[in-house]
Each structure stands twice: as C-alpha cells, then as structure tokens.
Amino acid sequence: MGQSLTEIAQELKGFNKKVQLIYAFNGIGKTRLSREFKELIAPKEIDAEEQEESAIKIMYYNAFTEDLFYWDNDLDADLNRKLTIRPNGFTNLALGFLKDQGLDGNIASNFQHYTNQFLTPRFSSDFSEVTFSIERGDDQSVNNIKISKGEESNFIWCVFYSLLEQIVEILNVPEPDERATNQFDNLKYVFIDDPVSSLDDTHLIELAVNIAELIKSSTSELKFIITTHNPLFYNVLFNEFNNADSRFGYKPKHCEKKRLEKLSDGTFSLDVQPKDSPFSYHLFLLSELEKAIASGNIQKYHYNFLRNILEKTSTFLGYNKWEDLLPQESREAYYRRIINLSSHSKHNGEEISIIDDNDKRVLSFLVSEVKSVYHFNTIVNNSETE
C-alpha cells in the first residue's frame, strides 16, 4: 500500500542515518517531498523568519530556493542588468552570514570553477543584488551582462554550497562555546533536491564527489537528504557513499540509498535501493519494462523507456542512429511505432494511456530482442525478486 508524501517525510525523519540518497524520475514529487519535510521539521508558523537564528533546524535547496533570485533586466535603458535577491529566512541568514564573514569570494570562486573563470559575480554592498561581468584579463571587461539560466542556477547553488561548507566546519567543533558562531547549533537537517543539473558530465561528477566529500567530513549530528532525477549524479554519489573514509570515521552503513516512485493510485512508495550493485539507469528502465510485460500492465510511456535504452546503447556502441539497433526485418515499421508511442509530454496525465494488445506484443518482442542481441545483465532486478 502506498503512502502520502507527508508519511514519507515522516519516514525520512525516523531514519537514523547520516545520509539518505533518493532517486526518482523527474516530476514524481521530489520538490514537494522536500517541502513536506521542511514543514514537518519547521512548520511555517515558526519558520526561520520568525524565530531566533540559533533555533534554525533545517536548511534546504530546491526549486523554491532558486525562486528567491530574480532578474531586473533594466528594460528601459537595457544597461544595468542585475540579479535581485528576495529577502526571506534563507537569504537573510545565508547572505548575512557570508557577508559578515567576507566569504563572497568563496561563492565567486566556486561559481567560476563550474562555469567560466572569467565570468565574475559581484554583490552589492548590502548583498541584495548581484551583477555579472566577463573579465578579459587585459584591463577590459564586459559589464552588467545577463547570464544563462543554467549559469544562474549554478550561481544560486554556489551560494548555498558556500554556506554549507562553513556550517559543516563550524559544527565540526564539538563544544558550542568554542564555535565561531552559535546560530547553527540547532540545525539538524540539510535537504538537497537536485542541485545543478545543467552542468556537463565532467563537472557534474566533480560536484557529486565534492558534495560527498563535504558530507563525509561532517562529524556533527547533522543529517543530509539528497534527492535527484539525474542517473549519473546518483551513480557517483552512490559509489562515493559506498566508500569508507577513515579520516572522518565515515562508513557505508551511514548512508541509506532509496528510490521514490509514484503509484497508479497517486500515492508513493519509498523503496530501499539494492546494495549489491550501483544504480544503472538503463538497467533500471529495462527491469521496469520486464515487470510491466510480466504483469501485462503496459502503458504508452513504456515505449519511451525502450527508446531511452536504445538511445543510450547506440551512443555507447557508436551507432549514428538508435533505430539501427532494431531488428533489420521490419526496422522502419518498428521505428515508426516507437516514434508514435514514445511520449515526450511534460504532463504526467498524458503518459498513462493504455495501449492496444498488438502494441503490447511488439514491445515485448523488442525488449526480448534487445536483451538477446546486446546481452544486458539485468541483475538489478534480482535483489528485488529474491
């Protein structure tokens, strides 16, 4: 029987683990889960805006965090473009602390590391606005530029991450009287929902490694929850948290790996991810197809799963087109069928239609052919069925 997101948030709170790493397809409800968890730990009536700084119990990064930053594009003069920061509990705390500590340089260096070494953010004196420029290194610069949406998301993450670095360092001092500040003494949870997904694979891997390293270095009672829809990001974190670190006393048992799924009745399930192998996105999709075929509950979006597997496999094997992996006999017909039935809709409601029996037979045949020809090892499914 499924659970509501509120019940799952209660379950997350009940786990006594340093890290909980959760994978879910995009649109399942990760951001809503982060909000439910935040409301559970710090209800709105006693939000950070209305309580003493030292009473803050949770910090979270999600889509709502990004909404606190918005552009003033100077539409009249088209010259003075700036990213404006909306004041609230998080921005007041984060930017106030970073400003007092003179750590705006940390944000800039983190941002430049993941984007462009010449792309420079500058805070206003009161940290309420940010402008961006490109420094050419020859005493010339292009000022007041508007950065891309991906760069903007990256910058906001770097604000959060720079604060988190300092919090971990502060709370690692065991005696509160010896800490540089006591405003984080009651912080219990950090919830990170899909940090920068616009990075290229190299930087995304590096980001995952850096997050894992920072969390492992935390020796306080601080607990972390990380959710993501990005399989590469999940894989790297999975592997990093599976590696012990004697420097900080971290052991793999300190991390719980899970998968969030939305059930057909609108409820949710939170399942433990198998410990015996890293999560492989294409193998997971294949196992989902196998389960759907076995149960007969094949829906239109399962063709999208198949297309995703074919695309990833063709790239790996060096084929120019994913349809080249289809059986040669009737290849064009199979290709057309997949194109027509694979859904790219943004609306989940459009992806639940049941398909006819002939389309079900074709899907079953193609999955069988893909497994037979390309020798996929679906061991990811074994631990769920044993």
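This is a predicted model: local features need pLDDT of at least 70, side-chain atom pairs count only at pLDDT 80 or more; totals for chains, interfaces and linings use all residues.
**Helix packing and salt bridges**

Which residues of the two helices meet? From helix 11 come Y334, R337, I338 and L341, and from helix 12 come N358, D359, V362, F365 and L366. Sorted by class, this contact between helix 11 and helix 12 has 6 nonpolar residues, 1 polar residue and 2 charged residues.

Now for the salt bridges. A search through the whole structure turns up 14 of them. One joins the side chains of R122 and E135, with 3.0 Å from N to O. This pair links distant parts of the chain: R122 belongs to strand 5 (residues 119-123), E135 belongs to strand 6 (residues 129-135), and they are 13 residues apart. R122 has a relative accessibility of 42%, so R122 counts as partly exposed. E135 comes in at 21% relative accessibility and also counts as partly exposed, because the label buried is kept for values under 20%.

R179 and D185 make another salt bridge, and their closest N and O atoms are 2.9 Å apart. Are these two partners buried or exposed? R179 is buried, because its relative accessible area is 15% and the cut-off for buried is under 20%. D185, with a relative accessible area of 24%, is partly exposed.

A further salt bridge runs between R247 and E213, where the closest N and O atoms are 2.7 Å apart. R247 sits in the loop between helix 8 (231-241) and strand 10 (255-262), while E213 is part of helix 7 (residues 201-217), so this pair ties together parts that lie 34 residues apart in sequence. As for accessibility, R247 is exposed, with a relative accessible area of 54%, and that label applies because the value is over 50%. E213 is partly exposed, with a relative accessible area of 34%.

How values were computed. Residues are numbered from 1 along each chain as its sequence is written. Side-chain values use heavy atoms; hydrogens and water are left out. A salt bridge is a side-chain nitrogen of Lys or Arg within 4 Å of a carboxyl oxygen of Asp or Glu. Helices (H or I, at least four residues) and strands (E, at least two) are DSSP runs, numbered from the N terminus. Buried means under 20% relative accessible area, exposed over 50%, partly exposed in between (1.4 Å probe, protein chains only). Contact means heavy atoms within 4.5 Å. Ala, Val, Leu, Ile, Met, Phe, Trp, Tyr, Cys and Pro count as nonpolar, Asp, Glu, Lys and Arg as charged, and the others, Gly among them, as polar.
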